[in-house]
Structure formats: C-alpha cells, structure tokens
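Thank you for giving me a few minutes this morning. Please have a look at the sequence and the structure as they come up, and then I will take you through them part by part.

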Amino acid sequence: MWGIEVLYSGFVQGLGAELLFLLLIYRRFDLTLTMIAGSLAGVSAVVLEYFLGNITKGIEYNLIYLATSIISGATPWAVKNLTLKVEAGEGILALGASGAGKSTFLHALAGVLGDADEGTATGSMTKGDKRPIDCRRQIGLVMQDPNSQVVLAKVGGDVAFGCENLGVPRNEIWPRVEAAHKAVSLNVGLDRPTSALSGGQLQRLAIAGALAMNAQILLLDEPTANLDPVGVREVRAAIENVTAERQRSLIVIERRVEVWADLVDRVVVLGADGIITDRPGAVDSRNPGAGAHHCVGHARRRLPAGTGRESP
C-alpha cells in the first residue's frame with residue numbers, strides 16, 4: 001500500500017513542479033495557479049517524506065522558494081508613474097488613499113528603502129545631482145510612532161545622536177543641540193529622561209534631532225497621527241517655526257489636512273497611477289482630490305511579497 005501512496009504522491013508532486021516550471025518559463029504570474037502548484041508540490045513532498053524519510057526535503061524547499069519567487073514577481077508597484085519637483089524652501093502636503101504609495105515615496109526621498117533585495121525600482125530620484133542615499137545627512141525623516149524614534153535616555157543625548165554619528169566636531173555638537181532644542185520649543189531640560197516625555201514632545205525631539213544635523217529637507221510621515229490635540233498643536237507650531245525662513249523644504253504626509261494646509265505651498269494627491277492633483281494653496285479638507293490631473297512620469301517602486309509594508 002505504501003508503494004501506491006509514494007507513486008501517487010510523486011505523480012502529484014510532479015504535476016505541481018511542472019506547473020511551477022511552466023509559469024516561470026512563460027512568465028504567467030497568476031497568483032491562484034501558483035498557489036495551487038505550490039500546494040500540490042508541498043503537500044506531496046510531505047507525504048513522500050513520511051514514507052521515505054528526509055529524501056524529499058530539498059525538493060520541497062526548492063519548490064516553495066520557486067513559488068515565492070513567482071509570487072514576488074506578481075507583486076504590484078507600490079509607487080508608479082510619479083514625477084514631482086520640489087523647490088528649495090518649498091512646503092508640500094502629500095495626500096492619498098491607503099495604498100497610494102505615500103510612505104514608500106517619502107522613504108525613497110529619505111534614502112532608506114534599501115537595495116535590490118528590498119524591492120525593484122525604476123526611474124530616478126535626485127537632490128541636486130545626488131541620489132537620496134548619497135545625501136541622507138541632509139534629509140530628516142520623522143515617522144508616525146513617537147516612541148520608535150527615541151535612541152538615548154536623555155533629551156540632550158538623543159538630539160546629539162545624529163551629529164555624533166555624522167562625525168560633527170565635538171565643539172560644534174552642543175551649540176547645534178541647544179539651537180535645535182530651542183527651535184522646537186521643547187521646554188524641558190537637556191538632562192530630562194526621554195521616557196518622561198509626552199507623544200508631542202517626542203515628536204518635537206525627533207524634529208530637533210533632524211535640525212541639529214542641519215537637515216535641508218524635512219520629511220514628516222503622519223507625524224500627528226498618534227497625538228492628542230495638544231500634541232498636534234505643539235508639533236505644528238514647531239514646524240511652522242523652523243520653516244518660517246524658507247531655509248528648508250518640507251514634505252508632509254498627513255490625514256489631518258486642516259492642520260497643515262495653510263503651512264504649505266502645494267497640495268499633491270497621489271493615486272494608484274501617479275499624481276492625481278498638484279495644485280498650489282490651501283485645500284478643502286472635505287475634497288482634497290479636487291482639481292485637474294497634473295503630471296505623469298516614470299519613477300516607480302515595487303516591493304517583494306510578504307514584506308508587510310504599506311504599498312502606501
């Protein structure tokens with residue numbers, strides 16, 4: 001009886017492997033077919049292993065890897081057809097539905113998306129004549145979760161952390177820290193434990209760290225999403241203060257449109273196929289996508305399957 005089981009399982013496994021092979025050769029990246037093929041091959045390998053020990057383990061793992069590779073090839077682009085030019089000192093509010101690529105776009109600007117192992121990219125993105133990854137010290141990224149950005153136990157040390165990593169001369173670091181601390185109105189001592197700060201204070205601490213590094217571009221990825229109304233007002237006031245002299249460019253992703261609309265020069269709405277709207281001035285928070293289609297370009301980004309990232 002076990003011989004019949006082995007023969008049957010080997011036949012089914014062969015069908016699964018053959019289907020995977022054909023999908024790969026003809027680049028038919030059909031998710032349903034791939035899952036069926038992977039299931040046939042994987043389950044059959046388990047049955048074979050039960051009767052024959054570990055002989056089929058290598059086959060099983062190779063088939064699963066092949067199935068994963070094919071599924072990865074079918075992953076949709078997180079960002080595509082996006083062309084955008086930001087002038088020095090300009091402020092932009094970026095809007096869009098979940099899955100439009102907002103966070104991916106911002107992380108690309110910050111130079112933190114990673115290399116080819118992290119996904120597939122095409123097109124170009126530059127600050128002047130340099131790629132973002134080559135000028136990350138000039139770009140400050142503030143993310144949504146205040147607690148995820150804290151590095152050190154004391155306020156002063158946390159603000160100084162970036163400068164120290166950049167190799168800024170010691171005699172320059174603390175004047176920078178004090179100036180940044182003052183600019184964001186973080187009214188606590190430099191020796192205050194970061195664990196004692198509120199969410200709004202932690203976000204201003206992160207902004208201060210970027211300022212201390214002399215960031216020329218501030219990127220804010222939903223910086224007030226986890227804050228109470230007091231924290232929202234504090235962060236907005238800090239950004240208003242540090243961008244007032246137009247020495248830094250600002251790009252904000254935010255759902256609270258009314259908080260930022262009067263601080264920016266342009267409102268850009270991202271969609272599944274690039275920019276839906278790009279227009280100057282304040283925006284109607286009830287209808288942020290109103291307006292004419294503006295521009296379509298060539299930059300796009302696709303992430304591998306199973307990363308858990310937003311195809312924001």
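This is a predicted model: local features need pLDDT of at least 70, side-chain atom pairs count only at pLDDT 80 or more; totals for chains, interfaces and linings use all residues.

Residues are numbered from 1 along each chain as its sequence is written, and side-chain values use heavy atoms, with hydrogens and water left out.

Is Val151 buried, exposed or partly exposed? Val151 counts as partly exposed, because its relative accessibility is 45%, and the scale calls a residue buried under 20% relative accessible area, exposed over 50%, and partly exposed in between (1.4 Å probe, protein chains only).

Helix 5 itself has a number of buried residues, among them Val155, Gly156, Val159 and Cys163, and what covers the buried residues of this helix includes helix 6 (170–183) and helix 7. Just after helix 5, Gly167 takes a positive phi of about 75°.

Now to the sheet, which is open, has six strands in the order 4-5-6-2-7-8, and shows mixed pairing; two strands pair if DSSP finds at least two bridges between them. Strand 4 and strand 8 (274–280) stand at the edges with a single partner strand each, so one side of each has no neighbour in the sheet. Ignoring direction, neighbouring strands of this sheet are turned against each other by 15° on average. Within the sheet, strand 2 (residues 91–96) and strand 7 (residues 266–271) pair in the parallel sense over five bridges, and Gly96 stands opposite Leu270 in strand 7.

Which strands does helix 7 (residues 199–212) lie across? Helix 7 lies across strand 4 and strand 5, and runs at about 170° to strand 4, the axes being lines fitted to C-alpha atoms, for helices over the stretch in contact, with angles that run from 0 to 180 degrees between N-to-C directions.

Most residues other than glycine have a negative phi, and most peptide bonds are trans. Asn214, however, has a positive phi near 60°; this residue lies in the loop between helix 7 and strand 5, and is partly exposed at a relative accessible area of 41%. Glu222 likewise has a positive phi, near 50°, but Glu222 is found in the loop between strand 5 and helix 8 (229–242) and is buried, with a relative accessible area of 9%. Leaving aside its neighbours within four places in sequence, Glu222 is in contact (heavy atoms within 4.5 Å) with Gln144, Ile253, Glu254 and Arg255.

My last topic is charge. Side chains of opposite charge can pair when their charged atoms come close. A salt bridge here is a side-chain nitrogen of Lys or Arg within 4 Å of a carboxyl oxygen of Asp or Glu, and a search of the whole structure finds ten of them.

One of these joins the side chains of Arg266 and Glu90, at 3.2 Å from N to O. Why does this pair tie together parts that are 176 residues apart in sequence? The reason is that Arg266 lies in strand 7, whereas Glu90 lies in the loop between strand 1 (77–82) and strand 2. Both partners are buried, Arg266 with a relative accessible area of 12% and Glu90 with 11%.

In helix 8, Arg236 forms a salt bridge with Glu240, their closest N and O atoms being 3.0 Å apart, and the two residues are four apart, about one turn of the helix. Here Arg236 is buried, at 17% relative accessible area, whereas Glu240 is partly exposed, at 37%.
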